Amino acid sequence: MNKARHILLLTALAFGACAGDVQPEGEVSEDFELAGGKADGGEDVAIRAVRGGSLVSLFGEPASGLWTILEDSGLRVSRTRSGLELVRTRSIACITNRSAAACQIFTHDASEVEGFDLAIHGSYSSSAADLYASIAAVTGASRFDTSVSYGDYLCERGRSAVWCGLRAAEEAETVELELSLSGLGDLGPDYVYEGWIITSDGPITSGRFDMESASETLTFDIDRALAEDTTLFVLTIEPAIGDDPAPADTHVVAGAFGPAGAELTTIHPAALGTDFTESFGAYILETPSSADPSDYNQGVWFVDPSAGAASLDLPTLPAGWAYEGWVVGEDGPVSTGIFLSTTGEDSDGAGPAAGPLGTPPFPGQDFIDPARDLLGGAVVISVEPVPDNSPAPFFLKPLVDGEVDDVGPGTLQDLGNNAEATAIFGFASFN
């Protein structure tokens, strides 16, 4: 929006705002003064019927352009009042505070035609003739020229009439993509978020960024043609340096564009595509790598010993993601290993602090040397990007037990479903 709409304050459109102020002979009133409120009501060009013809009000760039034409032509009356400058012809008047302008044109016939926001025409004593003469004076046109133009204004003359038009403003070459995200946070120095708009020619980056807080709204300029060809938005995690120009596999959220925009979720098929709201699980305290039965509180395993089966029920993750177990104590979170399947060993087996004995083929870890007492701490299952952006847990933590109880060795303790509390979601729209 042009700043004229915010700066210039006028009474009732400044000149001849009432039909009775407009003279049938083609004159416009010079009466104007400062007043409260915006001058334009949100339009650059407004046409309304008045006695004897039409009254055109101009604001924004059209008014500034017309002011320049009249001021530079030398064919006008000029005066200053209350800090505002007025230039006028018989049927055109403009005022300015040198930051913005407003104009009025009296004409017997005004209309909109294709490609133009305004068309006026009339005899050689009309406002169209005044505008033609002013443009001709500014441009140095000869008396033989039948067409003159300056800026967005164009005039043509015939034997008995003159026509002038204000060219319609061209659509901006770019549109603004507004992206609102919640549930995320800082990825650290080595990784960034990157948005992607999916077009008929494939994914196109919409920009890379960091998240300074868990919830933010960001804007990006997007080529209009690409925006009109966009069907889907995807957010990924990318290396900050040495990144492949194609999207990484770590799709965080995605959403299809509709009339109002795109709702972004992790459960969209183009993102994680997994819904953790139905996930559940449990764990036991036990140290199978140790022969000492009293140190059971120094190990955690995601297994149901009574059935010899996995104690976690989690959906399969797409490429770019993995699960990771955690125990959390006073000194912060410690990983118990990364895994893709709830059966089979995790990435570090029994862990670097395990004892010498064998351990079951399930995710888990023993903390024998050095010893770690897990009672009173927390157990967490997180979803981590691959490659991992941080040694700390990622923002997605679908299963959590906030306090480990002493229920004895080998007894299942439930993990609570935490999917809703740590959901990542957002919205994308073109403005």
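## Salt bridges

A salt bridge is a side-chain nitrogen of Lys or Arg within 4 Å of a carboxyl oxygen of Asp or Glu. In this predicted model, a search of the whole structure finds three such bridges. Side chains of opposite charge can pair when their charged atoms come close.

One of the bridges joins Arg-90 to Asp-130, with 2.3 Å between the closest N and O atoms. Arg-90 sits in the loop between strand E4 (84-88) and strand E5 (92-96), while Asp-130 belongs to helix H3 (residues 127-139), so this pair ties together parts that are 40 residues apart in sequence. Arg-90 is partly exposed, because its relative accessible area is 38%. Asp-130, at 9% relative accessibility, counts as buried.

## Bridges between strands and between loops

Another salt bridge is formed by the side chains of Glu-194 and Arg-208, at 3.0 Å from N to O. This pair links distant parts of the chain: Glu-194 is in strand E13 (residues 191-199) and Arg-208 is in strand E14 (residues 202-209), 14 residues apart. Glu-194 counts as buried because its relative accessibility is 4%, whereas Arg-208 is partly exposed, with a relative accessible area of 35%.

Arg-372 and Asp-331 also form a salt bridge, and their closest N and O atoms are 3.1 Å apart. Both residues lie in loops: Arg-372 between strand E26 (364-366) and strand E27 (378-385), and Asp-331 between strand E24 (321-329) and strand E25 (332-339), so the pair ties together parts that are 41 residues apart in sequence. Arg-372 is partly exposed, with a relative accessible area of 23%. Asp-331 has a relative accessibility of 57% and therefore counts as exposed.

## Aromatic pairs

Rings of Phe, Tyr and Trp pair if their centres lie within 6.5 Å. By this rule the count comes to seven aromatic pairs. In one of them, the ring centres of Phe-116 and Trp-163 are 5.3 Å apart and the ring planes stand at 85°, so the pair is edge-to-face. Phe-116 is in strand E8 (residues 116-122) and Trp-163 is in strand E11, so that the pair links distant parts of the chain, 47 residues apart. Phe-116 is buried, with a relative accessible area of 17%, and Trp-163 counts as partly exposed at 24% relative accessibility.

The rings of Phe-257 and Phe-430 have their centres 5.0 Å apart and their planes at 25°, so this pair is stacked. It links distant parts of the chain, with Phe-257 in strand E17 (residues 251-258) and Phe-430 in strand E30 (residues 425-430), 173 residues apart. Phe-257 has a relative accessible area of 19% and is therefore buried; Phe-430, with 26%, is partly exposed. Elsewhere, ring pairs link Tyr-193, Phe-209 and Phe-220 into a cluster.

## A negative surface patch

On the surface, a patch of negative charge gathers Glu-61, Asp-152, Glu-170, Glu-173, Asp-223 and Glu-228. Among them, Glu-170 lies in the loop between strand E11 (162-167) and strand E12 (174-182). Glu-170 counts as exposed because its relative accessibility is 75%, and exposed means over 50% relative accessible area.

Key. Residues are numbered from 1 along each chain as its sequence is written. This is a predicted model: local features need pLDDT of at least 70, side-chain atom pairs count only at pLDDT 80 or more; totals for chains, interfaces and linings use all residues. Side-chain values use heavy atoms; hydrogens and water are left out. Patches are made of residues with over 30% relative accessible area and no salt bridge: like charges are joined within 9 Å, nonpolar side chains (Val, Leu, Ile, Met, Phe, Trp, Tyr) within 5 Å. Accessible areas come from the Shrake-Rupley method with a 1.4 Å probe; for residues, only the protein chains shown count as cover. Lys and Arg count as positive and Asp and Glu as negative; His and the chain ends are not counted. The place of a charge is taken as NZ of Lys, CZ of Arg, CG of Asp or CD of Glu. Helices (H or I, at least four residues) and strands (E, at least two) are DSSP runs, numbered from the N terminus. Buried means under 20% relative accessible area, exposed over 50%, partly exposed in between (1.4 Å probe, protein chains only). Rings of Phe, Tyr and Trp (its six-membered ring) pair if their centres lie within 6.5 Å; planes under 30 degrees apart count as stacked, over 60 as edge-to-face and the rest as tilted.
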